[in-house]
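Hi,

Here is the structure I promised to pass on. My notes follow below it.

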Amino acid sequence: ERIGRNVQRPSGTALISGLVQSSDRTDQLAFDVIHKHDCFDKIIAYSPSNSFAKKRLIGRSSRYTGLLDVLDFAEGTEEHLISKDGPLTGVDSWLAFDSDASSVLAMAQAAKDAGVKHLVIMVEGNVDFGPVEALLKDTDVTYSLITLGGIEEGTEHGDV
């Protein structure tokens with residue numbers, strides 16, 4: 001039903017959650033790719049620690065690409081993110097990486113309540129997105145619900 005619908009290109013403010021939380025990776029590439037499409041006036045990196053996120057994202061690359069000009073930071077827990085007074089107010093697009101499978105319905109409800117126009121939820125493993133689709137079916141929220149397998153650095157024996 002939603003596939004044939006004319007969907008406008010995302011714009012305005014994007015909030016990205018679920019990244020810049022691991023010391024094993026920088027997550028810079030994800031922000032660079034999102035910024036490269038030149039859709040958003042503001043990109044908010046939401047994480048448990050602003051100082052950690054800034055160490056990961058502020059650097060030569062973000063200055064040269066112009067990401068630094070649109071990048072902002074918000075700090076808090078996942079519970080605060082989906083609360084009524086959370087940072088989703090005024091956000092046009094929410095890209096939720098590495099989401100908890102048990103909270104996808106609450107995330108969709110929070111996005112709907114906050115007036116988010118575009119929602120992307122990425123979850124590792126098998127998830128029933130039926131309740132989320134039912135919640136968002138007759139709304140103006142465009143959404144993508146993605147399940148991913150686990151990502152590994154390589155095999156135990158170095159084989160491909």
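Buried means under 20% relative accessible area, exposed over 50%, and partly exposed in between (1.4 Å probe, protein chains only). This is a predicted model: local features need pLDDT of at least 70, side-chain atom pairs count only at pLDDT 80 or more, and totals for chains, interfaces and linings use all residues. Residues are numbered from 1 along each chain as its sequence is written, and side-chain values use heavy atoms, with hydrogens and water left out.

The fold: the protein chain has seven helices and six strands (DSSP runs numbered from the N terminus; helices are H or I, at least four residues, strands E, at least two). Their order is β-α-β-α-α-α-β-α-β-α-β-α-β. Of its 160 residues, 39% are buried.

Now the charges. There are three salt bridges (a side-chain nitrogen of Lys or Arg within 4 Å of a carboxyl oxygen of Asp or Glu).

- D92 pairs with K117 at 3.0 Å, N to O. They sit 25 residues apart, D92 in the loop between α5 and β4, K117 in the loop between α6 and β5 (118–124). D92 is buried, at 14% relative accessibility. K117 is partly exposed, at 45%.
- D113 pairs with K84 at 3.4 Å, N to O. D113 is in helix α6 (residues 104–114), and K84 is in the loop between α5 (78–81) and β4, 29 residues apart. K84 is exposed, at 74%.
- D72 pairs with K42, with the closest N and O atoms 3.5 Å apart. This pair links strand β3 (residues 71–75) to strand β2 (residues 40–47). D72 is partly exposed, at 32%, as is K42, at 33%.

Best wishes
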